[in-house]
Amino acid sequence: MTLLSVENLSLAFRTRAGTVRALEGVTLDLAKGETLGIVGESGSGKSVLSFAIMGISDPAARIAGGAVRFEGLDLLTAPARDLDALRGAEMAMIFQNPRVALNPIRPVGKQIEDVLLRHAGLTRAEARVKAVEMLARVRIPDPERRAKAYPFEMSGGMCQRVMIALALACAPKLLIADEPTTGLDVTTQAAIMDLVGDLARESRMAVILITHDLGLAAERCDRIAVMHAGHVVEVAPTADLFTAPRHPYTRRLIATTPRPGVALADLEPIPGSLPDLRGDLPPCRYAARCERVDAACGAGPLPRLAVRPNHLVACARPL
Amino acid sequence: MPRTLRLILRRLLSALPSVAAVVVVTFVLTRALPGDPAAYFAGPAATPQAVEEVRKRLGLDRSLPEQFLSYLGELARGEMGTSLTTGQPVRDDILARLPASLELTLAGLLLAVTVAIPLGVAAATRPGSWIDHSARVVSTAGVSLPVFFTGLLLVYVFYYLLGWAPAPMGRLDLFATTPPTVTGFLLIDSLLAGEGATFRAAAAQLALPALTLGLFSVAPLARMTRASMLGVLSSDFVRTARASGLSRSTVLVTYALRNALLPVVTTLGMVFSFLLGANVLVEKVFSWPGIGSYAIEALVASDYAPVQGFILTMAVMYVGLNLLVDVLYGIIDPRVRIEA
């Protein structure tokens, strides 16, 4: 049962230096209760995609085409009022840098109450009780007292727990986690990811996990989408992606990931860098960095092949 | 609230050296000014003996340290000397005139804040729009025009041409009855006394000078609000608030504006202190019986005591004002409370 589908989404930023075509022809879908990882280098468009799904893109962003459907509702054409009712209630998001993602001068409990008052139709007193309940659910010790604390009085890990409590307060069907563990120490990372996983399982919530950490995605996701320069280059179930990657970029990306038994010095960096997304770009944006490039890559539009029923690859010469 | 109290006490203590410095510097500066008060008060026809007589009576024949000590002694008794021009104790003069200046400044500031903050917010939420551009024009015009010019212009248009405003002749016209003094603020006193006619008369007199000061202070406040709001609106926590589907007004006021207010409060304090001084010109234009015009008249007459009293009063008010800004800061931003 499809919860969210992104169809052929293209998005560009108008800047003084030209139009940056940040997303092009992005197609993805997500089933209820599924966890999808989106991986790629910095600048590959992961966050831009998640902001576009949430409808909180930068004002300079222009949707050039495509559709984003959430339970059949096209989010790109729906009236603002409907979207506001959806955001925070049906779909929610947690961010990287939790310490700055929370209002610095409002007690954290109040921030959770704000969301509850907006969406859940509770009275102030009920919202206060529910906010403390949510803090307890994300395993914050002494939630009653912590509700009155300000973000600067809490650690980064605690702030991310608060963010999760805030995002899950209204039991959304979709949670987008944008690099939720970046900047947290390793033990805290694991605890936060366990928490997200547990809470998602309990309520059959779908999760989009955005990360540049392939290892993290491998551990936590049912399927993984690989992004490069605004394209989704490969989507596959996690095991298939790691055992039989079909896009040259995916294979390179896996080769750069540290794993037991391989010395750091032996990890191969990916040659070249992301192309400039302004101006004319070849059909395949990876062509300039690809060792398998030939004449076929520049001719005609970028093909999207279903090499297996649920394994898609955008490459003219897949592995 | 003991924490806030401790903060206030500490700030007051740390302000003592500045106040002491002001006492010394004003004393020395007034003595260094050109002009001989004894000659001035003895009159142009006085003989040298008469001038010496006056000098002796004023205590100006004594050495500077001696004069300074007796000045300090007066201050300790809460006295500021006697004005030679008015013949009144300086303290009484200042206490009588201070409310006029404060009422004018506060009215101007209130006017500025009610215009500047919404204007700055509107400009920040729609950068590049017509409202942003008109905010910029108003701001530039406001700071570019000197207050005495704006004041004269307003008098010319609203009194001379249109006849909407009363003559710029002080706080109340001759026919209105002065309400019994409670706060010294005519608007408040007339309301307390239930005299509607006096209230209207006082408000009419206050309108133009307050507008003059307001126009001048809109600029820095609106610009600071705009810049600060722009920064906050692009911050991560506003993005979180939007991603949570909070209403536009909650995002704008509870999340963005409250955070953006910190630098605005600082600016407000600076503008207020500046207005207290800029008042002098506006008080002259509108014949406002405030402490600014009092100090200027005394200065022209080389009347030391009122000048010293004026500067000391200003210094104390600056200290109080900065304290108020600090306390406001603590109320807005919990992080400040902890650090203090």
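Biologist: Hi! Is Ser287(B) buried, partly exposed or exposed?

Modeller: Hello! This is a predicted model, and in it Ser287(B) counts as partly exposed, because its relative accessibility is 40% and that class runs between 20% and 50%.

Biologist: Where in chain B is Ser287(B) found?

Modeller: Ser287(B) is in the loop between helix 11 (248–285) and helix 12 (291–300) of chain B.

Biologist: And what about the phi of Ser287(B)?

Modeller: That angle is near 50°, a positive value in a residue other than glycine. As background, most residues other than glycine have a negative phi.

Biologist: Which residues does Ser217(B) touch?

Modeller: Leaving out residues up to four places away in sequence, Ser217(B) touches Leu109(B), Ala112(B), Val271(B) and Leu275(B).

Biologist: New topic: domains. How is chain B divided?

Modeller: The domain assignment gives domain 1 (2–76) and domain 2 (96–339) of chain B. Their C-alpha centres lie 31 Å apart.

Biologist: How many residues are in contact between those two domains of chain B?

Modeller: 23 residues of domain 1 of chain B are in contact with 17 residues of domain 2 of chain B. The area buried between these domains is about 1,700 Å², and carbon and sulfur atoms give 74% of it.

Biologist: What about salt bridges and polar contacts there?

Modeller: The count of salt bridges between domain 1 and domain 2 of chain B is zero. For polar contact, the rule finds one residue pair across that interface, with both residues at pLDDT 80 or more.

Biologist: Which helix of chain B gives the most to the domain 1 side?

Modeller: Helix 1 of chain B gives the most to the side of domain 1 that touches domain 2, with 14 residues. By class, that side of domain 1 of chain B has 16 nonpolar, four polar and three charged residues.

Biologist: Okay, over to chain A. What are the domains there?

Modeller: Chain A is divided into domain 1 (2–90 + 170–313) and domain 2 (92–169). The centres of these two domains of chain A, taken over C-alpha atoms, are separated by 28 Å. Their contact takes 31 residues from domain 1 of chain A and 21 residues from domain 2 of chain A.

Biologist: How much area do the domains of chain A bury between them?

Modeller: Domain 1 and domain 2 of chain A bury about 2,200 Å² between them, with 65% of it on carbon and sulfur atoms. Cys170(A), Leu195(A) and Leu199(A) supply 26% of the area that domain 1 of chain A buries against domain 2 of chain A, more than any other three residues.

Biologist: How many salt bridges cross between the domains of chain A?

Modeller: The rule finds two salt bridges across that interface of chain A. Separately, here is a salt bridge you can look up in the structure: the side chains of Asp198(A) and Arg139(A) meet at 3.0 Å, N to O. The count of residue pairs in polar contact between domain 1 and domain 2 of chain A is eleven (both at pLDDT 80 or more).

Biologist: Last one: what happens where chain A and chain B meet?

Modeller: The contact takes 28 residues from chain A and 20 residues from chain B. Chain A and chain B bury about 2,000 Å² between them, 61% of it on carbon and sulfur atoms.

Biologist: How many salt bridges and polar contacts are there between the chains?

Modeller: Between chain A and chain B, the count of salt bridges is zero, while eight residue pairs are in polar contact, both at pLDDT 80 or more.

Biologist: And which helix of chain A gives the most to that side?

Modeller: Helix 4 of chain A does, with five residues on the side of chain A that touches chain B. That side of chain A divides into 16 nonpolar, six polar and six charged residues.

Notes:
Residues numbered from 1 in each chain as written. Chains lettered and ligands numbered in written order. Predicted model: local features only at pLDDT ≥ 70, side-chain atom pairs only at ≥ 80, totals over all residues. Heavy atoms only, no water. Contact = heavy atoms within 4.5 Å. Buried area = accessible area lost by both parts, 1.4 Å probe. Salt bridge = Lys/Arg side-chain N within 4 Å of Asp/Glu carboxyl O. Polar contact = N/O pair within 3.5 Å; in protein donor to acceptor, adjacent residues only side chain to side chain. Helix = DSSP H or I, 4+ residues; strand = E, 2+ residues; numbered from the N terminus. Nonpolar A, V, L, I, M, F, W, Y, C, P; charged D, E, K, R; others polar. Domains from an automatic or database assignment. Buried < 20%, exposed > 50% of the residue type's maximum accessible area, 1.4 Å probe, protein only.
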